[in-house]
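Please keep the sequence and the model in view while reading.

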Amino acid sequence: MKKMAIDNDSSVTEFILVGLTEQPELQLPLFVLFLVNYMVTLMGNLTLMNLICLNSHLHTPMYFFLFNLSCIDFCYSCVFTPKMLMNFISEKNTISFTGCMTQLFFFCSFGSAECYVLTAMAYDRYAAICQPLTYTIVMSPRLCSLLMFGSYLMAFAGAMAHTGCMIRLHFCDSNIINHYMCDIIALLPLSCSSTYINELVSSIVVGTVVLVSSIVILTSYALILFSIFRMPSAKGWSKAMSTCGSHIIAVSLLHGSGLLTYIKPTSAETVDQGKFFSVFYTLVVPMLNPLIYSLRNKDVKLAMKKTIKRIAN
């Protein structure tokens with residue numbers, strides 16, 4: 001790999017992305033695999049967003065949140081997948097300092113926003129199961145809009161804090177990022193200056209996301225379970241579990257893969273393992289979400305049939 005150009009004050013102007021693997025024989029198969037993944041992700045999320053927009057029976061709080069989740073997944077996959085695909089077939093796998101910081105900002109923004117939207121969806125499921133008679137009053141359009149505004153606001157504020165702290169660092173020696181994208185854990189070891197503030201800010205921002213989402217999701221499902229146990233009929237149990245099933249799967253996939261990526265020692269071997277685990281929450285989860293919420297959902301299937309019939313006629 002060529003050493004990149006360094007300006008007069010020895011400051012890095014661009015980075016070299018190592019990518020997912022350095023084995024030449026895997027580059028083309030991985031390019032094809034992730035190209036298919038990217039296309040399925042875009043088509044799946046675009047289809048779900050269109051179905052929600054075009055079918056009035058899907059204009060409910062649950063599908064309002066699902067629309068936002070699909071929008072986030074669509075944007076999230078566009079942040080780094082095109083660059084990752086180019087790196088598989090390109091000899092020069094570089095990214096400018098500005099491009100790297102931009103990618104980091106949107107990666108943090110959409111990643112945090114997804115966590116907050118899933119958190120809002122947990123509260124929505126609690127309201128639907130535990131307060132069915134007042135559900136439409138509790139989950140009013142105003143509250144839904146405020147929940148989404150708060151989710152995006154907190155996500156973008158956290159991303160600005162991460163990116164602002166990263167920009168203030170001085171990169172003067174190595175410019176090789178052992179990752180396929182500009183992630184915080186991959187950038188910090190390259191800094192020549194102290195990363196204490198960055199680590200502190202990361203702990204606060206990530207801690208806030210984890211704490212808020214964990215408390216709301218766990219509390220919501222604890223109350224849902226308590227309500228289910230009080231239901232007299234098995235039919236009520238089945239309906240409640242089918243209502244929550246897709247959300248539980250989505251939350252488990254996102255948080256499970258996130259934990260496997262970041263909660264571990266930072267040796268060279270575990271950094272490589274972390275790259276592969278990160279593929280799951282950055283590439284696989286955005287692809288699976290529309291499938292999870294459509295294949296098990298009668299309303300979405302009905303909307304699909306209506307839309308196809310409308311197009312055919």
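## Basis of the description

A residue is called buried when its relative accessible area is under 20%, exposed when that area is over 50%, and partly exposed in between, computed with a 1.4 Å probe on protein chains only. The model is predicted, and local features need pLDDT of at least 70, side-chain atom pairs count only at pLDDT 80 or more, while totals for chains, interfaces and linings use all residues. Residues are numbered from 1 along each chain as its sequence is written, and side-chain values use heavy atoms, with hydrogens and water left out.

## Aromatic pairs

A pair of aromatic rings is described by the distance of the centres and the angle of the planes. Here the rings of Phe, Tyr and Trp (its six-membered ring) pair if their centres lie within 6.5 Å, and planes under 30 degrees apart count as stacked, over 60 as edge-to-face and the rest as tilted. The whole structure contains twelve aromatic pairs by this search. One of them is stacked, because the rings of Phe 34 and Phe 88 have centres 5.9 Å apart and planes at 5°. This pair links distant parts of the chain, with Phe 34 in helix α1 (residues 24-54) and Phe 88 in helix α2 (residues 61-89), 54 residues apart; helices (H or I, at least four residues) and strands (E, at least two) are DSSP runs numbered from the N terminus. Phe 34 is buried at 7% relative accessibility, and Phe 88 is buried at 9%.

The rings of Phe 105 and Phe 106, in turn, have centres 5.1 Å apart and planes at 80°, so this pair is edge-to-face. Phe 105 is buried, with a relative accessible area of 18%, whereas Phe 106, at 33%, counts as partly exposed. Both residues belong to one aromatic cluster, formed by Phe 105, Phe 106, Phe 110 and Phe 156.

## The salt bridge

A salt bridge is a side-chain nitrogen of Lys or Arg within 4 Å of a carboxyl oxygen of Asp or Glu, and the search of the whole structure finds one. Arg 125 forms it with Asp 124, the closest N and O atoms being 2.6 Å apart. Arg 125 is buried, with a relative accessible area of 7%, and Asp 124 is buried at 1%.

## The sheet and its helix

Three strands form an open sheet in the order β2-β1-β3, with mixed pairing, where two strands pair if DSSP finds at least two bridges between them. Because β2 (94-96) and β3 (176-177) stand at the edges with a single partner strand each, one side of each is left without a neighbour in the sheet. Strand β1 (residues 14-17) pairs with β3 in the parallel sense over two bridges, and with β2 in the antiparallel sense over three bridges. Ile 16 has Ile 176 as its bridge partner in β3, and Ile 177 in β3 is the bridge partner of Leu 17. Ile 16 also stands opposite Thr 94 in β2.

## The nonpolar core

A nonpolar core is a set of buried Ala, Val, Leu, Ile, Met, Phe, Trp, Tyr and Cys residues joined through side-chain atoms within 4.5 Å. The largest one has 78 residues, and those with the most contacts inside it are Phe 15, Phe 34, Met 166, Ile 177 and Leu 187. The largest share of this core, 18 residues, comes from α3.
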